[in-house]
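Please consult the sequence and the coordinates while reading.

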Amino acid sequence: MKAVSYMVPVVMLLLSFLYNNNPFVVKEEAQQAFQLLNTIRSNPERYYKELHLNSKLKITQTPLRWNDTLARVAEAKALDMAKRNYFEHVNPDGLGINYFINQSGYTLNTDWLKDKKENFFESIGSGHDSGTDAIKAMIIDAEDAGMGHRDHVLGIGDWDASLHDIGIGFVKCDGSKYQSYICVIIARHNW
């Protein structure tokens, strides 16, 4: 019986090496997702068939600008989802991305944009092999919904077209519900 009681911790330790539950940020995937998104926005005709885009959509061709502050917020959100094993716009503490953007120093001057539970700037995805796969899924999946992530990332509509700063966080993990999490934040500084 003593041998069994010693073996259990040893087996658990060995299994912990096989099952990595420590999520990690993959900046290269975030950058590739950013590049693809700007490519799609600058030449949407090239992607009509692959991404099931309607040629009548008014996709903004204004390029997005990488913002390190928004990227840090996006990375923190993706890591939080992986570590705490949830997939929602509002975290388990009841806080949305608007709150975290403001806390980062990226100012959203209008009071209604500072609501702690609101999200006007975030698109999230999970379970994708890469950042580019996640961006494509956000665009394709929105076709049925008619709005949401697709409109946000492609700048469709007056609100989304007015946003031009971007930060992306892409996280890989084995010990969470999904193998990956992505957070895409597109916003505009100082309304």
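Q: Which residue caps the N-terminal end of α3?
A: In this predicted model, local features need pLDDT of at least 70 and side-chain atom pairs count only at pLDDT 80 or more, while totals for chains, interfaces and linings use all residues. Residues are numbered from 1 along each chain as its sequence is written, and side-chain values use heavy atoms, with hydrogens and water left out. Helices (H or I, at least four residues) and strands (E, at least two) are DSSP runs, numbered from the N terminus. A side-chain oxygen lies 3.0 Å from the backbone nitrogen of Thr69, and the residue that supplies this oxygen is Asn67.

Q: What span does α3 reach from its first C-alpha to its last?
A: The helix α3 has 17 residues. The expected span is 1.5 Å times one less than the number of residues, which gives 24 Å for α3. The span in the model is close to that expectation, at 24 Å.

Q: What phi does His52 have?
A: His52 is found in the loop between α2 and β2 (65-66). The residue is partly exposed, with a relative accessible area of 43%. Although His52 is not a glycine, its phi is positive, at about 60 degrees.

Q: Which residues touch the most other members of the largest nonpolar core?
A: A nonpolar core is a set of buried Ala, Val, Leu, Ile, Met, Phe, Trp, Tyr and Cys residues joined through side-chain atoms within 4.5 Å. The largest one has 46 residues. Elements that give two or more residues to this core include α3 (68-84), α6 (149-154) and β5 (180-187). The residues that touch the most other members are Ile101, Leu154, Val184 and Ile185.

Q: Is His152 buried or exposed?
A: His152 lies in helix α6. Leaving aside neighbours within four places in sequence, His152 is in contact (heavy atoms within 4.5 Å) with residues including Arg41, Asp160 and Val184. The relative accessible area of His152 is 5%, so the residue is buried.

Q: How many of the residues of β5 are buried?
A: In a regular strand the side chains alternate between the two faces of the sheet. Ser180, Ile182, Val184 and Ile186 point one way from β5, and Tyr181, Cys183, Ile185 and Ala187 point the other way. Both sets are buried, and the number for β5 is eight of eight.

Q: Which residue of β5 is the bridge partner of Ser126?
A: Two strands pair if DSSP finds at least two bridges between them. β5 pairs in the antiparallel sense with β4 over eight bridges, and with β3 (residues 122-126) over five bridges. The partner of Ser126 in β5 is Tyr181.

Q: What kind of aromatic pair do Tyr178 and Tyr181 form?
A: Rings of Phe, Tyr and Trp (its six-membered ring) pair if their centres lie within 6.5 Å; planes under 30 degrees apart count as stacked, over 60 as edge-to-face and the rest as tilted. Tyr178 is partly exposed at 25% relative accessibility, whereas Tyr181 is buried at 0%. Their ring centres lie 5.8 Å apart with 85 degrees between the planes, so the pair is edge-to-face.

Technical notes. Buried < 20%, exposed > 50% of the residue type's maximum accessible area, 1.4 Å probe, protein only. Polar contact = N/O pair within 3.5 Å; in protein donor to acceptor, adjacent residues only side chain to side chain.
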